[in-house]
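The sequence and the structure are shown first.

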Amino acid sequence: WRRCIKTREGPAMDVEIGFKVITLPIIANIAWQVGRKLTYDPKTMRFLGDDEANRFLDEPYRRPWSLKGI
């Protein structure tokens with residue numbers, strides 16, 4: 001990441017591919033934390049009918065930081 005900033009070169013892995021690669025371990029970790037099987041919708045990037053599991057997807061940001069408007 002720092003090398004990319006310093007040299008202005010692209011990363012070793014495309015950002016979208018990296019996102020897809022890390023999604024499965026995050027889903028598995030959340031399923032382990034809640035202790036049950038979950039159904040994940042990749043289009044909405046949410047668990048179907050499981051508010052408890054979905055809360056793990058939205059980490060609160062420290063003030064004044066936010067992702068609103070993105």
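How many salt bridges does a search of the whole structure find? In this predicted model, the search finds five salt bridges.

| E9 | R3 | 2.8 Å |

Salt bridges that share partners join R36, D50 and E52 into one network.

E16 and K20 are four residues apart in helix α2, so about one helical turn separates them, and both residues are exposed. In the salt bridge of E9 with R3, E9 counts as partly exposed at 46% relative accessibility, and R3 counts as partly exposed at 44%.

The search of the whole structure finds one aromatic pair. It is formed by Y40 and F47, whose ring centres are 5.3 Å apart and whose planes meet at 65°, so the pair is edge-to-face. F47 is buried, with a relative accessible area of 3%, and its backbone nitrogen lies 2.6 Å from a polar atom of the side chain of N54. N54 is found in helix α3, which spans residues 51-55, and is buried with a relative accessible area of 7%. Leaving aside neighbours within four places in sequence, N54 is in contact with R46 and F47.

**Backbone geometry**

Most residues other than glycine have a negative phi, and most peptide bonds are trans. R8, a residue other than glycine, has a positive phi near 65°; R8 sits in the loop between α1 (2-7) and α2 (15-34) and is exposed, with a relative accessible area of 75%. M45 is not a glycine either, yet has a positive phi of about 55°; M45 is placed in the loop between β1 (40-41) and β2 (46-47) and counts as partly exposed at 40% relative accessibility. A cis peptide bond, with omega about 5°, joins R63 and P64, and P64 lies in the segment after α3.

Terms used
Residues are numbered from 1 along each chain as its sequence is written. This is a predicted model: local features need pLDDT of at least 70, side-chain atom pairs count only at pLDDT 80 or more; totals for chains, interfaces and linings use all residues. Side-chain values use heavy atoms; hydrogens and water are left out. Helices (H or I, at least four residues) and strands (E, at least two) are DSSP runs, numbered from the N terminus. Buried means under 20% relative accessible area, exposed over 50%, partly exposed in between (1.4 Å probe, protein chains only). A polar contact is a pair of N or O atoms within 3.5 Å; within protein, one must be able to donate a hydrogen and the other to accept it, and residues adjacent in sequence count only if both atoms are side-chain atoms. Contact means heavy atoms within 4.5 Å. Rings of Phe, Tyr and Trp (its six-membered ring) pair if their centres lie within 6.5 Å; planes under 30 degrees apart count as stacked, over 60 as edge-to-face and the rest as tilted. A salt bridge is a side-chain nitrogen of Lys or Arg within 4 Å of a carboxyl oxygen of Asp or Glu.
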